[in-house]
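Please keep the sequence and the model open while reading.

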Amino acid sequence: MQIAEARGQITQAQQQLARLVARLQTASRPEAAQRLTDALLFSARLALKTGDVRMGQQILATPALQKQTAAQLVRGRLLLIQNKSYEALHELEHLQPAPGEWRLAVEIHILLALAHISCQQERQAREQLWQALQLALPAGLTRIFLAEGKALLHLLRRMVPVLDNAELRSYAQRILRASALREEQQRAIKPASSTDLLVRPLSLQEQRVLRLLVAGNTNQEIAHELVITINTVKDHVKHLYRKLGVSNRLQASEMAHRLHLLDT
């Protein structure tokens, strides 16, 4: 599943997870409960990654996840996606990973940095990112930072000149070089235009609808946001599905990410 996810095969990874969850829910072995928790959390993260906010919410409502620190972390991520930055701060700032869960601690500091960025609290965001770098430095992690997108990397770029610790500054620069390399590789395989792979390009209004759809909004919410009727929204969604060659929201979200239709 992790391999499929790393390759960008999100639908395949989700199908594998669904089968695993179904097996674990009927398993009687003692270790099955923890494996089920891990599988549910991975499912929630994948749902959020594809923009399926409601699916993520449904998974996180599972009773077995209510008191899990890792689940609270995913809830914080959900709140950030929903632009509820102050609520995300409240969810994340009191999390205490168990001893030895240093990777979880790194992710908590990263998400706190993102929440502070969203709240325009630069000083606090820098403090949290500095702590994340300190914790991640011994293992030399890069992907955990790259996965969080441009806002975090922009903050890191602003921090590099004022990092007094030479080793930490070198580490931050290595992360930024890895980011630049990944962007070059993506440009090399990306079509000249994201819409070149579409038989018919998306209209400006269809692009707006797609962004709201991927963010997990209902048809009614999209209609309210764009000040159009719900029937007009349904027509746009139908046209989007036809142009993208998909049949549901999850597939539309995955295709939008694959074609970089949300990058601009």
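Which residues does R45 touch, not counting residues up to four places away in sequence? R45 touches L73, V74, R77 and E107, where contact means heavy atoms within 4.5 Å.

## Basis of the model

This is a predicted model, in which local features need pLDDT of at least 70 and side-chain atom pairs count only at pLDDT 80 or more, while totals for chains, interfaces and linings use all residues. Residues are numbered from 1 along each chain as its sequence is written, and side-chain values use heavy atoms, with hydrogens and water left out.

## Overall fold

The chain has 15 helices and zero strands; helices (H or I, at least four residues) and strands (E, at least two) are DSSP runs, numbered from the N terminus. Of its 264 residues, 42% count as buried, a term that stands for under 20% relative accessible area, with exposed being over 50% and partly exposed in between (1.4 Å probe, protein chains only).

Among contacts between residues at least 6 apart in sequence, 60% join residues at least 24 apart. The chain exposes about 14800 Å², of which carbon and sulfur atoms supply 52%, the areas coming from the Shrake-Rupley method with a 1.4 Å probe, and for residues only the protein chains shown count as cover.

R45 lies in helix α3 and counts as partly exposed because its relative accessible area is 32%. Although R45 and L78 are 33 residues apart along the chain, their C-alpha atoms are separated by 8.9 Å.

L78 belongs to the buried residues of α5, which also include A71, L73, V74 and R77. These buried residues pack against α3 (32-49), α4 (53-60), α6 and α7. With 13 residues, α5 reaches 19 Å from its first C-alpha to its last, close to the 18 Å expected at 1.5 Å a residue (the expected span is 1.5 Å times one less than the number of residues). Just after α5, N83 takes a positive phi of about 60°.

A nonpolar core is a set of buried Ala, Val, Leu, Ile, Met, Phe, Trp, Tyr and Cys residues joined through side-chain atoms within 4.5 Å. The largest one holds 39 residues, of which I110, L129, L133, F145, Y171 and I175 touch the most other members. Two or more residues come from each of α5 (69-81), α6 (85-92), α7 (102-118), α8 (122-136), α9, α10 and α11 (166-189), and α7 gives the most, with nine residues. Not counting residues up to four places away in sequence, L133 touches F145, L156, M159, L168, Y171 and I175.

E148 lies in the loop between α9 (143-146) and α10 (150-159). E148 counts as buried because its relative accessible area is 17%, and, leaving aside residues up to four places away in sequence, E148 touches R77, I110, L111 and L114.

## Helices α12 and α14

The axes of α12 (residues 204-214) and α14 (residues 230-244) come within 10 Å and cross at roughly 90°, so the two helices are roughly perpendicular to each other. Their contact is made by Q205, E206, V209, L210 and L213 of α12 and by H236, V237, H239, L240, K243 and L244 of α14.

In α12, the buried residues are E206, V209, L210, L212, L213 and V214, and their cover includes α13 (219-226), α14 and α15 (249-258). G216, which follows α12, has a positive phi near 95°.

Notes. Axes are lines fitted to C-alpha atoms, for helices over the stretch in contact, and angles run from 0 to 180 degrees between N-to-C directions. Angles under 35 degrees count as roughly parallel, over 145 as roughly antiparallel, 65 to 115 as roughly perpendicular and the rest as oblique.
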